[in-house]
Amino acid sequence: MEIVVVGRHTEVPERFRRHVEDKLSKVAQLAPRAQRVDVEVTHEKNPRLSEICERVELTVRGKGPVIRAEAMADDPYAALDIAMTKLMERLRRARDRRKDHRGAPLTPVEVRAAEAEEVVEAEPDAGVTVTEDGAVEKMLGDSPIVIREKLHTAQPMTLDDALYEMEMVGHDFFLFVDAETSLPSVAYRRRGWSYGVIRLDSPVSVSAQAV
């Protein structure tokens with residue numbers, strides 16, 4: 001299993017890299033199909049955010065759904081520990097879900113996750129940055145605002161599958177095409193284990209879904 005560690009706005013010491021590799025050795029126990037773990041370490045320079053100035057994001061990629069966890073703390077080691085706790089819990093849930101579905105037909109989510117991920121390449125342009133995960137970051141006009149864009153492959157899925165994927169990546173929302181209605185939809189987290197769904201009233205055509 002390959003481990004890729006990158007730093008944003010910070011240099012990653014070799015000692016921390018070795019510590020990351022040691023911690024992530026546990027991933028293979030719960031995710032034997034994992035092929036790579038991307039580790040992104042970000043330092044926030046704003047002194048007002050000193051208590052959460054270090055962020056660590058972990059992304060497990062392989063033959064299955066992408067599973068992600070992130071955490072912030074006042075030092076990268078603490079952030080890594082918190083992110084690892086979240087990641088291991090999500091890996092356990094993914095493993096248990098595979099056991100429950102063993103012998104059953106693949107869901108749209110599992111079919112889509114088994115396909116190779118496409119990396120979108122941007123044309124070189126002033127003020128445009130392509131990140132390690134294929135996202136494009138660019139300035140909004142002359143303002144200091146940075147817009148991050150990323151294109152994902154998509155197949156229609158049920159609401160249940162959308163909520164599962166949202167939990168696996170640790171987001172508060174998830175954009176998907178509803179398999180029952182063909183409507184572009186967003187599932188989002190409310191309080192506790194309560195969720196909401198917003199749908200557009202324009203169905204996605206078959207040709208658009210295949211893109």
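Is H9 buried or exposed? H9 is exposed, with a relative accessible area of 56%; buried means under 20% relative accessible area, exposed over 50%, and partly exposed in between (1.4 Å probe, protein chains only).

## Basis of the model

The model is predicted, and local features require pLDDT of at least 70, side-chain atom pairs count only at pLDDT 80 or more, and totals for chains, interfaces and linings use all residues. Residues are numbered from 1 along each chain as its sequence is written, and side-chain values use heavy atoms, with hydrogens and water left out.

## The four-stranded sheet

An open sheet of mixed pairing is formed by four strands in the order β1-β2-β3-β4. Strands (E, at least two residues) and helices (H or I, at least four residues) are DSSP runs numbered from the N terminus, and two strands pair if DSSP finds at least two bridges between them. β1 (2-8) and β4 (67-73) stand at the edges with a single partner strand each, so one side of each is left without a neighbour in the sheet. From one strand to the next, the twist averages 15 degrees. Axes are lines fitted to C-alpha atoms, for helices over the stretch in contact, and angles run from 0 to 180 degrees between N-to-C directions.

Seven bridges link β3 (residues 54-62) with β4 in the antiparallel sense. E54 has A73 in β4 as its bridge partner. Helix α1 (residues 14-24) lies across β1, β2 (34-43) and β3, and runs at about 140 degrees to β1.

## Loops and surface

H9 is located in the loop between β1 and α1. The phi of H9 is near 65 degrees, a positive value in a residue other than glycine. Most residues other than glycine have a negative phi.

L49 belongs to the loop between β2 and β3 and is partly exposed, at 33% relative accessible area. Together, L49, I52 and M72 make a nonpolar surface patch of about 240 Å². Patches are made of residues with over 30% relative accessible area and no salt bridge, with like charges joined within 9 Å and nonpolar side chains (Val, Leu, Ile, Met, Phe, Trp, Tyr) within 5 Å. A salt bridge is a side-chain nitrogen of Lys or Arg within 4 Å of a carboxyl oxygen of Asp or Glu. Accessible areas come from the Shrake-Rupley method with a 1.4 Å probe, and for residues only the protein chains shown count as cover.

β8 (173-177) and β9 (184-189) run antiparallel and are joined by five bridges. F176 stands opposite S185 in β9. The two strands form a hairpin with six residues between them, and S182 in the turn has a positive phi of about 60 degrees. S182 is partly exposed, with a relative accessible area of 24%.

β9 also pairs with β10 (residues 195-199), in the antiparallel sense and over five bridges. Here V186 stands opposite I198 in β10. The hairpin of β9 and β10 has five residues between the strands, and G192 takes a positive phi near 60 degrees.

## Surroundings of L30

L30 is placed in helix α2 (residues 27-30) and counts as buried at 8% relative accessibility. Apart from neighbours within four places in sequence, L30 is in contact with M88, L91, R92, R95 and R98, where contact means heavy atoms within 4.5 Å. L30 and A94 are 64 residues apart in sequence, and their C-alpha atoms are 8.7 Å apart in space.
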